[in-house]
Amino acid sequence: MPWPTQRRIIGTKVQRLDGPEKSTGMAKYSYDRNPRGLLHARILRCPHAHAKIKRIDLSDAEKVPGFRASHLAVKDNEELMFAGAEILAIAADTEEHADDCIRAVKIEFEVLPHLVKEAEALAAKRGTLGGAEDVTNVLPANTDSTDNFAKLAFEGAAAIHEGTYGVSIISHQCLESHGLVAEWDEKQTSLTVYASTQAVPRTATGLAATFKLKPTDVKCITPFMGGGFGSKFAADIQGELAAELARKAKVPVKLMLDRAEEVTVGGMRPSAFGRVKIAAAKDGKIQAFEIECYGSPGVGKAAAVNFGVLPYIYADSIAHKKKTNRIVRMNVQTARAMRAPGHPQNCILTDQPFDDLAAKLDLNPLEMRLTNLPPNDPDAVKEAPNSYLAQRNTIYRRQIEIVRKMSDWDRTWHKPGVGTGAIRTGLGMALHTWGGNGKGPNPTRITISADGSVLAQSSSQDLGTAQRTVTAIITAEILGLMPRDITVRVGDSAHGPSTPSGGSTTCPGTSPAILLAAENARTAFLAALAPRLNTTANMLELQTGRILNRTTNGTITWREACALLQAPVTAEGDWPADAALDKDAALARLWRQQLSNQGVGGVQIAEVKVDIETGVVRCSRFWTVQDCGLIINKLGCESQVAGGVIMGINYALFEECIYDRQTGRQVNADMEFYKLGGIQDMPNIHVHMMDMPERGVIGIGEPPTISTAAAVGNAIFNAIGVRVPIAPFTPERVLAALAQRK
Amino acid sequence: MRNFTYNRPATVEQAVGLLEARFGNAELLAGGTDLHDLQKEYIAQPTKVVSLSGIPALKAAPTIGDKSVTLPAGMTLAEIAGHARLKQWFPALTEAADQIGGPQTRNMGTLGGNLCQRNRCWYFRDEHTPCLLKGGDKCYAIEGENKFHAVFSQGHRCVIVHPSTLGTGLIALDATAEVQGPNGKRTIRLAEFFKAPTARDEREHVLAANEMVLSVSIPYTGLANASYEVRQKLSYDWPLVQVAVSFQGGRNGAPATQVKIVLGHAAPVPMVSAAAAAVLEGKPVNEENAVAAGRAAVQTATPLSNTGYKTRLLEVAIKRALYLAAGLPKYWEA
């Protein structure tokens, strides 16, 4: 079952199937679910960045009109470690009454010292952060270096550059906030939730464990979903509170976060700051990269900060490397995975010093990237020729040549800081990679009925990425139909297991299973049809929209054929079990290197216009070349890439969580001063998708947002000839950098 | 949101009659783009809301008289921004209106509401921060996060910037507001309309709690005028600074007279810079004089810890506003 070599629909541009439903409001998101008797819940949160509760009194809250139920979310004497920590939830008949109830709770705190600035947390004495267990603010430094680094790293270098780089904490800012609607059955033995989640079955099984129910007694339903970016893999505390309140009140309860909650507790991407020393020979070949870096995952433990590989793309082509990494904890929400965890920060800490070094050597940074591309790994070339490791040098080289032409780099790039007038134009580039291995289980069931309809079902979720459309494209390709002929039902945990949508794994994880299901459905269909046509299945050929009967050389249409079915034809497809794949090398090669794969390269170029009088930066044009193996939906891929670029431009120019050191509270927990660019702030984005069908399906979720901010930073450097060290590159920071010039 | 009684009077007199002597309990509702936010955030908690939507006089068309143009307080920002004659005569007003918020805000927001809106300080707007304007004992911005706050901060206990960009333009245009209270009408120059608040019972304007704006009149003087905003974002954002200017002459080497330069998002009130005007008075608008005016304006600036950059932005905005009004090339639109 390889992918068809002649592809009729796969790889073409297919509009998303649910576009009309979404644009007319017919699509029902979690917030749109209003079952009979619904109550609305709100959460009382700690207003302080670090505190203990001395006393809680609910008696006034219970008297507020509309009060129905409350549930405590803290244990006795628990320390609350950030502003926004959950204390209790109340359900009332309206959202407004629930808000009033929350404010009627009488509560007294013992306010404790807090840390909300990385530099201060780095310097503060042990224990200031608080917490019952490990109370250190700064985890022990983790240093990693190549042999003889001290002796050899900078020896004989033609140029050495040292600089500081960094980026602030940002929030996921999902347009659809976190939360769910919880509804119990009458006996309170089974629970249905309409949740905004990236992991439909896992949300159901998680709640089953919490409430000690059988996994089959919890259903999660998420046909439509409005963005998660890595922050929505479970019901979360607000989901559990909604279910608790629904159980107590014996009616459904809706609990969705408001905007301020979404920003302060719905997830954040860790900050990263680094002092970099980088050296190269005269031809631009980098010989050494040294970094001392730190960042904050908030109050949580270190797990969510992943500086990973530094110096990022070039790690395997630079001989001498040294990294010292400190994780700084402070009293803000714990980081969650966010679109390519660690990678955008790594790219910022690598690709920007790269360009500063190029400037010192008077080299064109595009050429210098070609000089420093990691090699194709010879072992991988032998063992896994379709892999990123085996092809990365070739891929980047091709991509750089394509983007060079697209952006007219050779004509428009200039040396840093060259230009006149108030508005300076600059070009900057950066490279990225991402893994994204899909896997099973992702069982997909296809049903062909006598009326000619085809139903494809799985529990996988469509986060807005057009997973529904992917399912239809593959099914239609194999059954000789068009995507609109396929009815797709996704986002219902009753349809069996599926893998969470994170790390660009959904398309590679589901596509081979859909392919197999569709092929099985075709086989079953022809087998059911053959006796009705007085022939055998091997004499029937499924063509586009019709069936050829080789016995008679006659054809009948799809509908005519389906009308002959005595019962619906159903077939399933799924990945082989992991154990089978691990045992059988050929099987593993088929599923992991031909049907699906992992590891992509991408290159991005930003053009910016910097107003040197005001420091305002506009990203004016953007070019990106992206590899993603076999493309299923070219339009969907291009749209994903453009979306990633938009997110990256916001990361570069606008977004940051600003915490006040006096109160420990985030001052911009909104969409007003937590700035997000609108359509006028976005460039023309030119996307080139590199189709590499022999590699199989690879995910596209994370890659296109990784290198955007670094490319923008480099474009600003190119425009004004001076580095703006810390993103977002706001007017005050650009002006401060300009003041340092000369 | 606390429950409130909703009143929809048919006349200005009835509306004023529903207001109270102190701020807080009764609030006027025009477009609702500010008040409802404040209510949902528990910053404003009126028990009585007085809607102005039932008063036809507030929504009439502008009256174009011999000496002045009068705009009813209920005129929407979109109506102001799209009014052909206003655009021709008073770009300092219409350009400012055109850049406010998004289309939804401009379609709902009104002239009167824009002048009387509350400030956007993130401490004031945070329910859990007991700042001066909410009865607390300190302004958190002074020692806190203040990059969008005042550049001219000295002498102010609360260092907000006034958010109204129409106010800045209207001051440059020497406009007056007609307001009505329980004892009748009075006229206030826009230059004297705004006030730096320091306590819970105060607002960002000089109106009494039981007064309301009826209309704004702009004298038809034929002055060249313009407004320029430095904006980080083009979509839906507040300006970092705004400057409105007006003057007679000034073009093609002719001397500029009656120069007015007003700074927005620079101080707790839209601020007339006499120093900047004095530098330009009697001189042609050209690069040298525009730069000198900008420099003079910020001589007395007392920026906060993070608003130093805004002094530079004010200088640039003054230069660019003068260029716009004088018809000089928009050199910044390369």
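Reader: Which residue stands opposite A:G602 in β26(A)?
Author: That is A:H432. Keep in mind that this is a predicted model.

Reader: How do β18 and β26 of chain A run?
Author: They run antiparallel. Strand β18 covers residues 423–434 of chain A, and 12 bridges join it to β26(A).

Reader: What else does β26(A) pair with?
Author: Strand β27 of chain A, residues 617–627. The pairing is antiparallel too, over nine bridges. In β27(A), A:T624 is the bridge partner of A:Q604.

Reader: How many residues sit between β26(A) and β27(A)?
Author: Five, and the two strands form a hairpin. A:G615 is in the turn, with a positive phi of about 80°.

Reader: Is β26(A) buried or exposed?
Author: Buried: 12 of the 12 residues, 600–611, are buried, so the strand is largely enclosed by the rest of the structure.

Reader: Which residues are on each side?
Author: On one side are A:V600, A:G602, A:Q604, A:A606, A:V608 and A:V610. On the other are A:G601, A:V603, A:I605, A:E607, A:K609 and A:D611. Both faces are covered.

Reader: New topic. Which residues touch the most other members of the largest nonpolar core?
Author: A:V712, A:I716 and B:V243. This core has 306 residues. Helix α12 of chain B, residues 308–326, gives the most to the core, with 12 residues.

Reader: What does A:I716 touch?
Author: Leaving out residues up to four places away in sequence, A:I716 touches A:G426, A:V608, A:V610, A:V617, A:V724, A:F729 and A:V734.

Reader: Now helices. How do the axes of α9(A) and α21(A) cross?
Author: At roughly 25°, and the axes come within 8 Å. That makes α9(A) roughly parallel to α21(A). The crossing is right-handed.

Reader: Which residues make the contact?
Author: From α9(A), the contact uses A:P344, A:C347, A:I348, A:D351, A:Q352 and A:D355. From α21(A), it uses A:A709, A:A710, A:G713, A:N714 and A:F717.

Reader: Why does A:A340 count as buried?
Author: Because A:A340 has 29 C-beta neighbours inside 10 Å. The cut-off for buried is 20 or more.

Reader: And in chain B, what is phi of B:Y236?
Author: Near 35°, a positive value in a residue other than glycine. B:Y236 is in the loop between β9 (224–230) and β10 (241–249) of chain B. With 21 C-beta neighbours inside 10 Å, B:Y236 counts as buried.

Terms used. Residues numbered from 1 in each chain as written. Chains lettered and ligands numbered in written order. Predicted model: local features only at pLDDT ≥ 70, side-chain atom pairs only at ≥ 80, totals over all residues. Helix = DSSP H or I, 4+ residues; strand = E, 2+ residues; numbered from the N terminus. Pairing = 2+ DSSP bridges. Core = buried A, V, L, I, M, F, W, Y, C linked by C-beta atoms within 7 Å. Contact = placed C-beta atoms within 7 Å. Axes fitted to C-alpha atoms, helices over the stretch in contact; angles between N-to-C directions. Parallel < 35°, antiparallel > 145°, perpendicular 65-115°, else oblique. Left-handed = near helix turned anticlockwise from the far one by under 90°.
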